[in-house]
Amino acid sequence: MHHSLKKSSTLALVFAAFVTTLPLVASAQSCGRVTVANMNWQSAEVLANIDDIILTEGYGCEVELVPGDTMPTLTAMIEKGKPDVAPEAWINAVRLPLDAAVKEGRLHYAARSLQDGGAEGWWIPKYVADANPGIKTIDDALKHPEIFPSAEAKGKGAVHNCPSGWNCQLTTGNAFKAWDAKAKGFLLVDTGSAAGLDGSIAKANERKQGWLGYYWAPTAILGKYPMVKLDAGVPFDKNAFETCNTKADCDHPTKTDWAKSEVFTVVTDKFKKTGSPALAYLNKRTWGNDTVNQLLSWMNENQATGADGARHFLKTQPELWTTWVSPEVAQKVKASL
């Protein structure tokens, strides 16, 4: 107790001396200008807007949202120290340079933005899983083409693929081969586009029909239609996944789980060093895929922008977000809504 008291009083003296040399506007709690990457997909966009409101109203920051995307944003943060914050960085694709930058002290990991991580794989509707408790893995599902019937070929089952040009189109096609789904009576269905893939899920759910295919979380469609991710039944094989299953010319794809995506908030060293009280918030701010799925679903149904979605979340889920901030900050944010 005495030790910590002594330490804090010494710090207070040092800090007092330091503050007197600063311009008067910079109080101990000053936040200043913060640039926040507004990534170009829905879950990241709404999170950037939540950060904007909480940092502005709760901490008095001057926030500027800047357009972003995974690679360009993190590269700019590593090389130029800007923007200050990437709220939802899916780090699997950039793990090596990012870890190196963290090791060098240029960047820092704050909270896991998505506490469950991003989930990819093959999914079935919840009503199908409930009615067929024996179907837990991809192998289990492939024993039952009759439960997942193809619209195109009578007696065949269907596996719905990812839109063309997306990397998941390759991983799904290679998984289809690795699990020998063709020999088990299945066809691989080209869904054409993101709208086509979503449409096939919506149609199956509205009619309570069987559906099997690739999807990922968090996403709006999973907030509207409860789906269950099948267990791959095998662990993630990093080498096979990276050297073959993600490639177009993979001759012998391997049965492997998808990599679980780790999703973090990343901040620059400059932002960390300013000692902004807002850093404590970014170190705590995390949410689960169910919460995000439902919010994205609400946004889609209401054609809401990221800013609309952020306000809706802050108004309707105080029991979650108030755990990220102090009672004083929560009060200021609530008053602004």
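Helix H13 (residues 289–301) and helix H14 (residues 306–316) pack at an angle of about 125°, with their axes 10 Å apart. The model is predicted, so to speak of local features requires pLDDT of at least 70, side-chain atom pairs count only at pLDDT 80 or more, and totals for chains, interfaces and linings use all residues. Residues are numbered from 1 along each chain as its sequence is written, and side-chain values use heavy atoms, with hydrogens and water left out.

**Helix packing**

H13 and H14 are therefore oblique to each other; angles under 35 degrees count as roughly parallel, over 145 as roughly antiparallel, 65 to 115 as roughly perpendicular and the rest as oblique. Axes are lines fitted to C-alpha atoms, for helices over the stretch in contact, and angles run from 0 to 180 degrees between N-to-C directions. Helices (H or I, at least four residues) and strands (E, at least two) are DSSP runs, numbered from the N terminus. The crossing of H13 past H14 is right-handed, that is, the near helix is turned clockwise from the far one by less than a right angle. On the H13 side, Thr291, Leu295, Trp298 and Met299 are in contact (heavy atoms within 4.5 Å) with Gly306, Asp308, Gly309, His312 and Phe313 of H14. This contact comprises four nonpolar, four polar and one charged residues. Here Ala, Val, Leu, Ile, Met, Phe, Trp, Tyr, Cys and Pro count as nonpolar, Asp, Glu, Lys and Arg as charged, and the others, Gly among them, as polar.

**Pocket and cavity**

The largest pocket has a volume of about 1,400 Å³. On a 1 Å grid over the protein atoms alone, a pocket is an open set of points with protein on both sides within 12 Å along at least five of seven lines, whereas a cavity is a set where a 1.4 Å probe fits but cannot get out; lining residues have an atom within 4 Å of a point. Grid points are joined across faces, edges and corners, and a volume is the space filled by probe spheres set on the points. Of the 39 residues that line the largest pocket, Trp90, Glu120, Tyr214, Trp216 and Ser261 lie nearest its centre. H13 gives the most to this lining, with four residues. The pocket lining divides into 19 nonpolar, eleven polar and nine charged residues.

The structure holds one cavity of 30 Å³ or more, and the largest cavity has a volume of about 40 Å³. Its lining consists of Thr171, Ala175, Trp179, Phe241, Asn245, Thr254, Thr256 and Trp258. Helix H7 (167–178) and helix H10 (238–245) are the elements that give two or more residues to it. The cavity lining has four nonpolar, four polar and no charged residues.

The axes of H7 and H10 come within 11 Å and cross at roughly 110°; these helices are therefore roughly perpendicular to each other. Leu170, Thr171 and Asn174 of H7 make the contact with Phe241, Cys244 and Asn245 of H10.

**Backbone features**

Two cis peptide bonds are listed below.

| Residues joined | Omega | Loop holding the proline |
|---|---|---|
| Lys82 and Pro83 | about -5° | between helix H3 (70–80) and strand E3 (85–90) |
| Ala217 and Pro218 | about 5° | between strand E8 (213–217) and helix H9 (220–224) |

Lys208 is not a glycine, yet has a positive phi of about 55°. Lys208 is found in the loop between helix H8 (194–207) and E8.
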